[in-house]
Amino acid sequence: MSDSSSITGLNWYAVQTLSNQEGKAKKYLDKFIAIEEMDEFVSDVLMPTEQITEVKAGKKSIKTRKFYPGYIFVNMRLYDDDGKLLQKPWYFVREGQGVINFVGGDRPTPLKKSEIDRILNQVEESEGKEKPKIEYEIGEMVKVNEGPFANLVGKIEEIDPDRGKLKVSVSIFGRYTPVELEYWQVQRTEES
């Protein structure tokens, strides 16, 4: 990533990519910024993602999910001081591997500050956090898949999304007992 403070007229632009080619487009642009001497025009290429945990057959796996499938965001100088399109960076991005076009076609409009701030906040909030693929609700019935309470059915009493934990009331010997479980240790029951 180059020092963006040295580039004037920087704006974020949305760029449409081929389906499932967002990563390839980002990698290509990142790789060739220096090689093609584009660092005077292109500061950053962003593909916003989050980590999703999923449990299949009792195994926990972590996948990366894109916030905006089919799009990447490029922080770049696309117009000169007179508002004329700069051909070099325009073609650099347009001809990138996996790229279809700028959103806005031949006269792309930069994203509003509020739009890019929302996207950057989304990325920042998801960093270092795993989010379950399934969202749970208080009062929902779940079956415990793992641990000493496996196969018991309980009701969700509390949800702690920051820690990825649920407090579930399970019936043990006819008494309801609150148990703290990880998201991936439970699954929805058929009746919910």
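Modeller: A term to start with: two strands pair if DSSP finds at least two bridges between them. Strands (E, at least two residues) and helices (H or I, at least four) are DSSP runs, numbered from the N terminus. This is a predicted model: local features need pLDDT of at least 70, side-chain atom pairs count only at pLDDT 80 or more, and totals for chains, interfaces and linings use all residues. Residues count from 1 along each chain as its sequence is written, and side-chain values use heavy atoms, leaving out hydrogens and water.

Colleague: Okay. Which residue in β10 stands opposite Ile-156?

Modeller: Val-168. β9 and β10 run antiparallel, joined by 6 bridges. They form a hairpin with 4 residues between them, and Gly-164 in that turn has a positive phi of about 70 degrees.

Colleague: What pairs with β9 (residues 153-160) over 3 bridges?

Modeller: Strand β8, residues 141-144, in the antiparallel sense. There, Val-142 stands opposite Gly-154.

Colleague: And how many bridges link β10 and β11?

Modeller: 8, again antiparallel; β11 covers residues 175-182. Their hairpin has 2 residues between the strands, and Phe-173 takes a positive phi near 50 degrees.

Colleague: Now Lys-165. Buried or exposed?

Modeller: Buried. Why? Because its relative accessible area is 19%, and buried means under 20% (exposed is over 50%, partly exposed in between; 1.4 Å probe, protein chains only). Lys-165 lies in β10, residues 165-172.

Colleague: What does the side chain of Lys-165 make a polar contact with?

Modeller: The side chain of Glu-182, at 3.1 Å. Such a contact is a pair of N or O atoms within 3.5 Å; within protein, one must be able to donate a hydrogen and the other to accept it, and residues adjacent in sequence count only if both atoms are side-chain atoms. Lys-165 also stands opposite Glu-182 in β11.

Colleague: Different topic. How many residues are in the largest nonpolar core?

Modeller: 21, with Val-42, Val-74 and Phe-102 among those with the most contacts inside it. Elements giving two or more residues to this core include β1 (11-17) and α1 (22-35). A second, separate core of 11 residues includes Val-142, Ile-156, Val-168 and Val-170. A nonpolar core is a set of buried Ala, Val, Leu, Ile, Met, Phe, Trp, Tyr and Cys residues joined through side-chain atoms within 4.5 Å.

Colleague: Last one. What is the mean pLDDT of the chain?

Modeller: 87, and 91% of residues reach 70 or more. pLDDT is the predictor's confidence in each residue, from 0 to 100.
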